[in-house]
Amino acid sequence: TGPSNKEMRNMIQSLQAHNTLLKNEVTRSKKRTSELAVQIAKCRDKQELEGTEAMELVKELAVTEDKQKEEQNKKRIEELTSTIKDLQKQLKTSHENQKELKLLLDVFKGSVKRIAFKGGVAGEREETSRRGRRTDAESAEEGERSGHGSEE
């Protein structure tokens, strides 16, 4: 019975040592598990925060893009308004120029009619009468030379 008792004690001691090692390993595993759970929770919080931040960034980008589009639309409207005003001014000056040209054309037509009328029979009479008469300027000049026009 002696050697079997000794062997049994050795086995019991080795099982107890192995049991202690396993208990220590379970404790370490539990500790590691709780640490990992904390890290996982932190990661989830971080992901949620980053997700929230990402959503906020996306919203900000959308708002920024909307503002930029709105500003571009405002600039385009201003440019179009300016172009329309310029075109209206050009149209107005064009109408004024057209009226002036029409007036000049009417004056020219009237002048042509007068010249044509004067160039006819009346024009020939006028030329012959001019040859025979002196102009008022010529008469005044001659009067000054003879001394009648100036009293000294």
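A residue is called buried when its relative accessible area is under 20%, exposed when that area is over 50%, and partly exposed in between. By that criterion, buried residues make up 1% of the 152 residues in the protein chain. The model is predicted, and the mean pLDDT of the protein chain is 82, with 77% of the residues reaching 70 or more.

**Fold and confidence**
- The protein chain contains three helices and zero strands, so that, read from the N terminus, its elements follow the order α-α-α.
- Confidence is highest in helix 1, which covers residues 2–119 and has a mean of 90, whereas it is lowest in helix 2, residues 121–132, where the mean is 51.

**Surface**
- The accessible surface of the protein chain amounts to about 14900 Å², and carbon and sulfur atoms account for 55% of that area.
- Met-8, Met-11 and Ile-12 together make a nonpolar surface patch of about 300 Å²; of these residues, Met-8 lies in helix 1.
- Met-8 counts as partly exposed because its relative accessibility is 49%, a value that falls between the limits of 20% and 50%.
- A patch of negative charge on the surface is formed by Glu-50, Glu-53, Glu-56 and Glu-60, and Glu-50, one of its members, is found in helix 1.
- Glu-50 has a relative accessibility of 41%, and therefore it too is classed as partly exposed.

**Salt bridges**
- With a side-chain nitrogen of Lys or Arg required to be within 4 Å of a carboxyl oxygen of Asp or Glu, the count comes to two salt bridges.
- Arg-32 forms a salt bridge with Glu-35, and the closest N and O atoms of this pair are 3.9 Å apart; both residues lie in helix 1, where they are three residues apart, or about one turn of the helix.
- Arg-32 has a relative accessible area of 46% and is therefore partly exposed, and Glu-35, with a relative accessible area of 38%, is likewise partly exposed.
- Glu-70 and Lys-74 meet through their side chains in a salt bridge, at 3.8 Å from N to O.
- Because Glu-70 and Lys-74 are four residues apart in helix 1, about one helical turn separates them.
- Glu-70 is partly exposed, since its relative accessible area is 45%.

Key. Residues are numbered from 1 along each chain as its sequence is written. This is a predicted model: local features need pLDDT of at least 70, side-chain atom pairs count only at pLDDT 80 or more; totals for chains, interfaces and linings use all residues. Side-chain values use heavy atoms; hydrogens and water are left out. pLDDT is the predictor's confidence in each residue, from 0 to 100. Helices (H or I, at least four residues) and strands (E, at least two) are DSSP runs, numbered from the N terminus. Buried means under 20% relative accessible area, exposed over 50%, partly exposed in between (1.4 Å probe, protein chains only). Accessible areas come from the Shrake-Rupley method with a 1.4 Å probe; for residues, only the protein chains shown count as cover. Patches are made of residues with over 30% relative accessible area and no salt bridge: like charges are joined within 9 Å, nonpolar side chains (Val, Leu, Ile, Met, Phe, Trp, Tyr) within 5 Å. Lys and Arg count as positive and Asp and Glu as negative; His and the chain ends are not counted. The place of a charge is taken as NZ of Lys, CZ of Arg, CG of Asp or CD of Glu.
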